[in-house]
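Please read them beside the sequence and the structure.

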Amino acid sequence: MKLQHVVESQQFTVPLLMELFDRSRRMERLVARGGTHDYSNRIMATLFYEPSTRTRFSFEAAMYRLGGKVLSTEQAKVFSSEVEGEQLEDTIRILAGYSDVIVVRHNEAGGAKRAAKVSPVPVINAGDGKGGQHPTQALLDLYTIHRERKSLEGLSIAIIGELDEGRTVRSLAYLLSKFDRVKIYFVSPPEVQMKPDILQHLEEHQVWYALESDISKVLGEVDVVYQTRIRPERVADRKKLASYTLDGRLLKAMRSDAMVLHPLPRTVEIDKAVDDDPRALYFRQAKNGLFVRMALLTLVWDGE
Ligand code: CP
């Protein structure tokens, strides 16, 4: 199936997602054998205007496991010609002459779309701005759920945290809207609840959702607890923030077959005591990012 650029979750159909997940499983087996040299003629450029641990390193590891090579700058805001006033579009045109795919994390929502518009090589959005999207994160989130649960139909999920500016949760909501009988609880302080554009999209696709501010009311209901950060400065009543932390006490309210996910990095919203619980899958989720990103790279090139 053809996939030129990866800029937003809405691009993905259910058959394309299933193909991506099949490929990701194959990549898991490939990595267990040490990888391949099949893509030794390929070069990936990673252009990150914001910090990253998981996304940049997993894309770079993905490329090395496929046998390819990597061009990278650790901090494009400092170590690219943006410092001299170069526009993103010009930087992309230049990098496209040196590489076969550009993975870009931009500080403005819509940055990846701008890049894709001028790029003759595939552009992959590694997260753009506040309130933009982070589609590859949502793809690995969904892969993790699918891998554990085998199906996404009928999934119930609590998405918790600072949701209005959360690019990972926005991308995840778009992907979830593609599956039947999904139930989404958005759990957050009211001032940082999910934005109307996503809620409208869910309504248009007849997806059940509820807005909630009390985490304890939903924990026992759901298959997936998807936790994210809340920046204290964005919340009026900071004393209430502690009530959004998943700790040993709240864990007891969860179903025994549920799972805890988090795009990471975390600060205080998941207590370290949760890490040893078999339902805590966030480190496995981050590792799955390697396989999903390997699969994505091969998918964009196979579609050429
Ligand atoms: N989840 C995520 O995007 O992590 P990084 O910021 O470390 O890439």
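1. Arg149 is partly exposed, because its relative accessibility is 28%, inside the band between the 20% and 50% cut-offs. This is a predicted model, so that value, like the others below, is computed from predicted coordinates. Arg149 pairs with Asp223 in a salt bridge, and their closest N and O atoms are 3.4 Å apart. The two residues come from distant parts of the chain, 74 residues apart: Arg149 sits in helix 6, and Asp223 in the loop between strand 7 (208-212) and strand 8 (224-227). Asp223 counts as buried, because its relative accessibility is 11% and the limit for buried is under 20%.

2. How many salt bridges does a search of the whole structure find? The search gives 22. One of them joins Asp277 to Arg279, with the closest N and O atoms 2.9 Å apart; Asp277 and Arg279 are both buried. Salt bridges with shared partners also tie Glu162, Asp164, Glu165, Arg231 and Arg234 into one network.

3. Another salt bridge runs between Arg114 and Glu108, where the closest N and O atoms are 3.3 Å apart. Both partners fall in the partly exposed class: Arg114 has 27% relative accessibility, and Glu108 has a relative accessible area of 41%.

4. Ala109 is in the loop between strand 3 and helix 5 (111-118). Ala109 is partly exposed, because its relative accessible area is 47% and exposed would need over 50%. Apart from neighbours within four places in sequence, Ala109 contacts Asp128, Gly129, Lys130, Gly131 and Gly132. Between the C-alpha atoms of Ala109 and Ala273 there are 35 Å, and along the chain these two residues are 164 residues apart.

5. The contact draws 31 residues from domain 1 and 27 residues from domain 2.

6. The size of an interface is often given as the accessible area lost when the parts come together. For domain 1 and domain 2, the area buried between them is about 2,500 Å², with 59% of it on carbon and sulfur atoms. On the domain 1 side, Ser9, Phe21 and Asn288 lose the most area to domain 2, and together they account for 24% of what that side buries.

7. Which side chains meet in a salt bridge with a distance of 2.7 Å, N to O? They are those of Arg147 and Glu28. Between domain 1 and domain 2 the count is two salt bridges. Across the same interface there are 16 residue pairs in polar contact, both residues being at pLDDT 80 or more. On the side of domain 1 that touches domain 2, the elements giving two or more residues are helix 1 (14-32), helix 2 (54-65), strand 3 (101-106), strand 4 (123-128) and helix 10 (282-302). Helix 1 gives the most to that side, with eight residues. Sorted by class, the side of domain 1 that touches domain 2 holds ten nonpolar, 13 polar and eight charged residues.

8. Ser24 is part of helix 1. Is Ser24 buried or exposed? Ser24 is buried, because its relative accessible area is 0%. Leaving out neighbours within four places in sequence, the contacts of Ser24 are Tyr143, Phe291, Val292 and Ala295.

9. Gln133 lies in the loop between strand 4 and helix 6 (135-149). Gln133 is buried, because its relative accessible area is 8%, under the 20% limit. The side chains of Gln133 and Gln10 are joined by a polar contact of 2.8 Å.

10. Helix 7 (residues 167-176) is mostly covered, with ten of its ten residues buried. Among them are Arg167, Arg170, Ser171 and Tyr174.

Note on methods: Residues are numbered from 1 along each chain as its sequence is written. This is a predicted model: local features need pLDDT of at least 70, side-chain atom pairs count only at pLDDT 80 or more; totals for chains, interfaces and linings use all residues. Side-chain values use heavy atoms; hydrogens and water are left out. Contact means heavy atoms within 4.5 Å. Buried area is the accessible area (1.4 Å probe) that two parts lose on being put together, summed over both. A salt bridge is a side-chain nitrogen of Lys or Arg within 4 Å of a carboxyl oxygen of Asp or Glu. A polar contact is a pair of N or O atoms within 3.5 Å; within protein, one must be able to donate a hydrogen and the other to accept it, and residues adjacent in sequence count only if both atoms are side-chain atoms. Helices (H or I, at least four residues) and strands (E, at least two) are DSSP runs, numbered from the N terminus. Ala, Val, Leu, Ile, Met, Phe, Trp, Tyr, Cys and Pro count as nonpolar, Asp, Glu, Lys and Arg as charged, and the others, Gly among them, as polar. Buried means under 20% relative accessible area, exposed over 50%, partly exposed in between (1.4 Å probe, protein chains only).
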